[in-house]
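Colleague: I would like to go through this model term by term. Please give the cut-off behind each word you use.

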Amino acid sequence: TATSTPLVVAFPDGDGTMAEILGGKGAGLAQMTRLGLPVPHGFTVTTAACREYLREGQEPAALATELEAALRRLEASAGRSLGDPVDPLLVSVRSGARFSMPGMMETILDVGLTDEVVTGVAARQGARFAWDSYRRLVQMYGRTVLGVDSAHFEARLARARADAGVTTDQELSADSLEEVTGDFRKLLLEHAGEDLPQDPREQLHRAVLAVFASWTGDRARRYRAHEGISEDLGTAVNIVQMVFGNRGRRSGSGVCFTRNPATGEPVPYGDYLVDAQGEDVVNGSRRTMDLTELAAREPELHRELVGHLATLERHYRDLCDVEFTVEEGRLWILQTRVGKRSPAAAFRIACDLHDEGVIDLDEALCRVDGHQLASLLHPGFATGSGEQPVARGLAASPGAATGRVVFDAATAMEWAARGEHVVLVRPETSPDDLGGLLASVAVVTARGGLTSHAAVVARGLGKTCVTGVEGLEVDENGRRAGLPGGLVLDEGDALSVDGATGEVFLGSRDVVPSACALAIRSWSHEQARAPYLTHADPTVRSVGRLLAHADERRTAGVRANAETPSDAHAAREYGAEGIGLARTEHMLLGDRRVLVEQVVTGNERAAALARIEELARVELEQVLEEMDGLPTVVRLLDPPLHEFLPDLVDLEVGTAVARAGGTPDLEAERRLTLVRRWHEQNPMLGLRGVRLLAAVPELVTVQVRALAEAAASLKARGLDPRPEVMVPLVADVCELTGALTRIRAEVDDVATATHEAVRVPLGVMIELPRAALTSGRLAEEVDFFSFGTNDLTQTTWGMSRDDAETSFLAAYRESGTLATDPFSTLDDIGVGRLIRLSVQEGRLTRPTLGLGVCGEHAGDPDSIHLLLAAGVDYLSCSPPRVPVARLEAGRYAV
Ligand code: ADP
Ligand code: MG
Ligand code: MG
């Protein structure tokens, strides 16, 4: 409640566990203070204060006094006071929410400078430093508190650089900066009707409220919507004594990671910029040095920094990132958190930390997830084509992607909305580009390192990204870019980006399987125990180890959805323990559709049926052979009948034309009558699934017969076929019993004829709400249930998966009506509830009832946990998703 949660907490009074009220940054600062790291003095205004401010539209009554008390304590510990013209305390006012939202909210530096104070600072510490800091304050205050567009400030700075004939702000003289500051003040008056307050306490207070308000800014909202961060958390605000990286050659500002966040290599990684403050280092405007260079220049400092990094890793037991500043040779740590990392790094780091004795294998398994594994299984570019990259940059976020070039976020979003794959090419990115980053398949920037905005955001989103491309010059207004060697890139040109190597290629390139996927498949053929241990690539090795551990831990089975021999083969290589869904309709597509038509029309019916049986027998035999010894669930024919018949409109047009020409096509007329007879307004709720047995029973039963024959023939060859049959789209138990009777009759028939008895367990798909609701009764009849979560979602929601996305689902997501797509992540409270009810009632009737899931959701990491919690025994997904399901089922079990 408001009374028990403090509004303000000083760094020494907090710790790393208090992120809920201190935000991630505040908790980190408090924890580092406790660990004895060199953190400037400060305090945190809690998220509780922000929440109240946002809720009530005004700040908590006690905030002003608590702020004042904390400020006095800060002044005492810093030995300086705010507004002192001789030796002033300056502070930063920094946002920091519970979950990291890099660059999404505001920070104001150098608060406390006024006309009077700046003169004092100039006299004691140098005019250039004083005016550089003051202009930064006016700019950040103007932008964040008064809402003045940054472009105005940037334009004025650009003019100052041009006048002085220099390329960076760092080269501007004190006089020039003083002039710029004066003009910035005019911009404030002109655009906001207000000047910078000359009372430092008022600056501070207004800055705190502006940071509160930045929580509800567009950028922040959009980021939260994408990351699934709750809107009600609010942000904390950290007030931190300023230390200065902009005081000359022995000062600077940097960002680093305790290990390499792209590869996971266990070596500290970072960027440092001499004579810089705040975000200078990540915005890519000047060339940074890496830690090796820093070590050469400032060995003492480097040693100290690396020592602190080790302390932090020991404490957090994970990769951390750190923001630091050096003021005249003295190191200060300004921020830490458990760092974001690429999927490849996540696997490597988890296993390395295990090998270093920091975490156990269960925890290592929990440090990675199925989304990360899925992205490692993504294909890359074909190698050996001799294709030469036209440019090279830093491998900032792995993946391979091809798309058309755009130079701004708005165009990226516009083109993506009409279905284009776009590659966003920018000088550098800023938080304003988030929409464009989300819309693109890859991002390329001319400037910036592995810790730049583009790199950090792309890694978080799993997008391909290359930063710091040498020789890339983007002319945003001209919608073109120059590449090394005089090449020119126009908007709309195809570009291929390899985020794993940092290479950029002109044109579209072919994409090939990932090393990880190839390795996983090859291990299934090795006799050696743990063949992954000898793989040369540490990431692939780590994937193998954690997958093996997941397999050891999980109790749920993992099967694949497959119906062709080659898919069945792949499924087995990916580690599937059977087939959970073989779709018999796949054997009747293409040219074979006419066989169905022949059965329906009665033209050469017997021959067509025999042909269908023959095709099914051959193919099912191959599939069962691939899956020797493992269960293979074959589903009876499922799609609406009309999908196998000729197109109604084509026939209508054809016959009308013939009739008009005076020579009616009698055969076509006859087919038209037939197609009309079976035409449905709403086929997905029509003649499909078990209902087909009522219309064309033999079409269905020949497939059962084929399956039984295939199994008998394998058994005669000494193999161990394990066929199962399931009945789709059942709503009522009588539909089911009717179907089961026919299936049993076919199976028995074949057994008698072949003298080979193969046991065929029978099951029912639960994909209509009525089936779920009557599960107790259905379970009396079958050996297993299989949840068809795609149809169950469609029929529970009453919406079509094929149409909803374009007609209204996208708009629902945009407006927040529906936060997530129920077709990609299981709708737990609706569809999930039906599944839980079905599991309970089914098991009550038949304790041995098998329970599988065969919809898309079985391969979705988030849905897997919900499904396993509901009590299902196995997941069945597409073959390449099988490793993802194995990993997630293992994570669920630990
Ligand atoms: P973000 O959450 O976007 O990283 P921060 O609050 O960390 O924003 O501030 C951005 C940068 O400003 C920091 O990385 C640091 O370089 C600089 N900064 C913030 N507070 C101080 C301070 N007290 N002294 C010196 N630099 C600071
Ligand atoms: Mg920032
Ligand atoms: Mg920061």
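Modeller: The terms are taken up one after another below.

Modeller: This is a predicted model, in which local features need pLDDT of at least 70 and side-chain atom pairs count only at pLDDT 80 or more, while totals for chains, interfaces and linings use all residues. Residues are numbered from 1 along each chain as its sequence is written, and chains are lettered from A and ligands numbered from 1 in the order in which they are written.

Colleague: How many helices and strands does the secondary structure of the chain come to?

Modeller: The chain has 34 helices and 33 strands. Helices (H or I, at least four residues) and strands (E, at least two) are DSSP runs, numbered from the N terminus.

Colleague: Why is H453 called buried?

Modeller: A residue is buried if 20 or more other C-beta atoms, placed from the backbone, lie within 10 Å of its own, exposed if 12 or fewer, and partly exposed in between. H453 has 24 such atoms within 10 Å, so it is buried. H453 belongs to helix α17 (residues 453–461). Of the chain's 894 residues, 51% count as buried.

Colleague: What makes strand β9 largely enclosed?

Modeller: Six of the six residues of β9 (residues 269–274) are buried, so the rest of the structure largely encloses this strand. In a regular strand, side chains alternate between the two faces of the sheet. On one side of β9 the buried residues are Y269, D271 and L273, and on the other G270, Y272 and V274.

Colleague: How do you know which strands pair with β9?

Modeller: Two strands pair if DSSP finds at least two bridges between them. Strand β8 (residues 252–257) is joined to β9 by six bridges and runs antiparallel to it; S253 has L273 of β9 as its bridge partner. Strand β10 (residues 289–290) pairs with β9 over two bridges, also antiparallel, and there Y272 faces M289.

Colleague: Why are helices α33 and α34 called oblique?

Modeller: Helix α33 (residues 861–870) and helix α34 (residues 882–893) pack at about 50°, their axes 9 Å apart. Axes are lines fitted to C-alpha atoms, for helices over the stretch in contact, and angles run from 0 to 180 degrees between N-to-C directions. Under 35 degrees counts as roughly parallel, over 145 as roughly antiparallel, 65 to 115 as roughly perpendicular and the rest as oblique. The two helices are therefore oblique to each other.
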